[in-house]
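Here is a brisk report on one protein chain. The sections below cover overall fold, core and backbone geometry.

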Amino acid sequence: MSKPIIKIKELGFHWETKDPFMFCAFHQDQYPKGEAHLGPSKEALKGRFLGNDFQKKDGWRMYHGQEVPGFPYHPHAGFETITLVEQGYADHSDSMGAKGRFGQGDAQWMTAGKGVLHSEMFPLVNQDKENPLLLFQIWLNLPKRSKKVEPHYKMLWHEEIPIVEEKDEHGNLAKIKVIAGQYKSQSALDPTPDSLAAEDENDIQVWRITLEAGAGFTLPAGHTESNRVLFFYEGDELKTEGFEIPSGHSLDLDASQELKITNGNKKAELLLLQGKPINEPVVQQGPFVANSREEMSEIISEYQRTQFGGWPWPKAEFTHGDQGRFALFADGKLVEK
């Protein structure tokens with residue numbers, strides 16, 4: 001019988017995933033105190049390549065932001081983003097007229113479909129203390145039949161995201177946060193209507209797993225056809241299948257087999273991505289994903305012609321002042337948390 005571990009890899013800035021996922025961006029920044037404009041002080045910005053700051057000077061990056069860290073408005077088409085903000089906040093704005101602030105465990109699901117502009121800024125809301133950020137953005141592909149669906153944006157608030165708690169035989173705790181799919185009998189919240197995850201047969205699973213020091217945990221067997229990757233990004237080490245795996249590694253797994261894990265001496269944080277492959281050609285050019293070069297040319301032409309509806313907000317790196325967590329949707333519905 002084959003082993004459940006196919007390959008072990010060291011994690012980079014963009015985490016390698018497998019079809020139907022495209023990659024996962026991991027952002028962990030120890031941002032300083034914020035100023036009134038929700039960005040760092042001018043002094044803290046000295047020596048940075050503003051507009052393209054990825055060096056993690058002083059433990060944090062501005063990314064493409066000039067005044068506020070983050071990603072000013074940019075296009076997406078042909079895929080989905082699942083954005084998990086475990087620490088800190090993200091300010092979302094888009095060309096559909098929607099906007100929101102989410103964080104501290106919230107997730108945002110956005111199906112870009114035929115095309116959307118959006119910005120993701122990281123407001124430094126605390127002026128009296130530091131503003132740590134821990135954020136994952138997962139790119140999930142769409143099949144050819146769904147590449148041109150209408151864009152849609154949905155919030156998964158942390159108060160509503162199910163978390164399953166289990167203890168091993170020694171009483172050590174494991175927590176499984178079910179963002180997509182199903183863990184045992186616990187199902188996730190619904191994704192966007194045209195998402196690949198909206199059809200159960202695609203087996204889209206996104207789980208955040210937290211293990212106490214010394215905790216044992218068994219990843220249950222899944223669908224034979226699915227791809228499964230487990231990312232170990234924080235902790236000491238995991239023992240499994242005769243390996244001692246330090247943090248900062250991913251495991252490509254045989255989804256049809258269970259995997260027994262014993263955690264090391266520190267709390268461990270893991271992310272699991274699983275799904276049945278779409279098995280279609282993928283042509284990617286920056287923020288656009290298509291199935292052929294011809295379709296890619298069509299997307300680029302459409303963007304140049306329409307700007308996917310244009311940018312309705314006053315700034316490219318638009319932020320939301322002193323508001324709390326909220327979502328204003330394109331239909332005018334407002335949700336405040």
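## Contacts and overall form

Among contacts between residues at least 6 apart in sequence, 74% join residues at least 24 apart. The model is predicted. The chain contains one helix and 27 strands.

The chain has 337 residues and a radius of gyration of 20 Å, which agrees with the value near 20 Å for a compact globule. Along the principal axes, the C-alpha trace spans about 55 × 50 × 35 Å.

## Burial, surface and charge

Of the 337 residues, 55% count as buried. The accessible surface comes to about 15,000 Å². Carbon and sulfur atoms account for 46% of that surface.

The chain carries 37 positive and 50 negative charges. Their mean positions are 2 Å apart.

## The largest nonpolar core

The largest nonpolar core has 27 residues. Those with the most contacts inside it are Trp 15, Phe 136, Ile 138, Val 206 and Leu 271. Seven stretches each supply at least two residues of this core: strand 3 (21-31), strand 5 (79-87), strand 8 (106-111), strand 10 (131-141), strand 13 (173-180), strand 18 (227-234) and strand 23 (268-275). Strand 10 gives the largest share, four residues.

What does Phe 136 touch, leaving out residues up to four places away in sequence? Its contacts include Trp 15 and Leu 271. Cys 24, Ala 25 and Phe 26 are also among them, as are Ile 82, Thr 83, Leu 84 and Glu 86. Arg 208 and Tyr 233 complete the list.

## Backbone exceptions

Most residues other than glycine have a negative phi, and most peptide bonds are trans.

Asp 19 and Pro 20 are joined by a cis peptide bond, with omega about 20°. Pro 20 sits in the loop between strand 2 (14-16) and strand 3.

Gln 104 is not a glycine, yet its phi is positive, near 55°. Gln 104 belongs to the loop between strand 7 (99-103) and strand 8. Asp 203, also not a glycine, has a positive phi of about 55°. Asp 203 is found in the loop between strand 15 (186-187) and strand 16 (205-211).

Asp 203 has a relative accessible area of 5%, so Asp 203 is buried.

Notes:
Residues are numbered from 1 along each chain as its sequence is written. This is a predicted model: local features need pLDDT of at least 70, side-chain atom pairs count only at pLDDT 80 or more; totals for chains, interfaces and linings use all residues. Side-chain values use heavy atoms; hydrogens and water are left out. A nonpolar core is a set of buried Ala, Val, Leu, Ile, Met, Phe, Trp, Tyr and Cys residues joined through side-chain atoms within 4.5 Å. Buried means under 20% relative accessible area, exposed over 50%, partly exposed in between (1.4 Å probe, protein chains only). Contact means heavy atoms within 4.5 Å. The radius of gyration is taken over C-alpha atoms; the globule rule is 2.2 Å times the number of residues to the power 0.38. Accessible areas come from the Shrake-Rupley method with a 1.4 Å probe; for residues, only the protein chains shown count as cover. Lys and Arg count as positive and Asp and Glu as negative; His and the chain ends are not counted. The place of a charge is taken as NZ of Lys, CZ of Arg, CG of Asp or CD of Glu.
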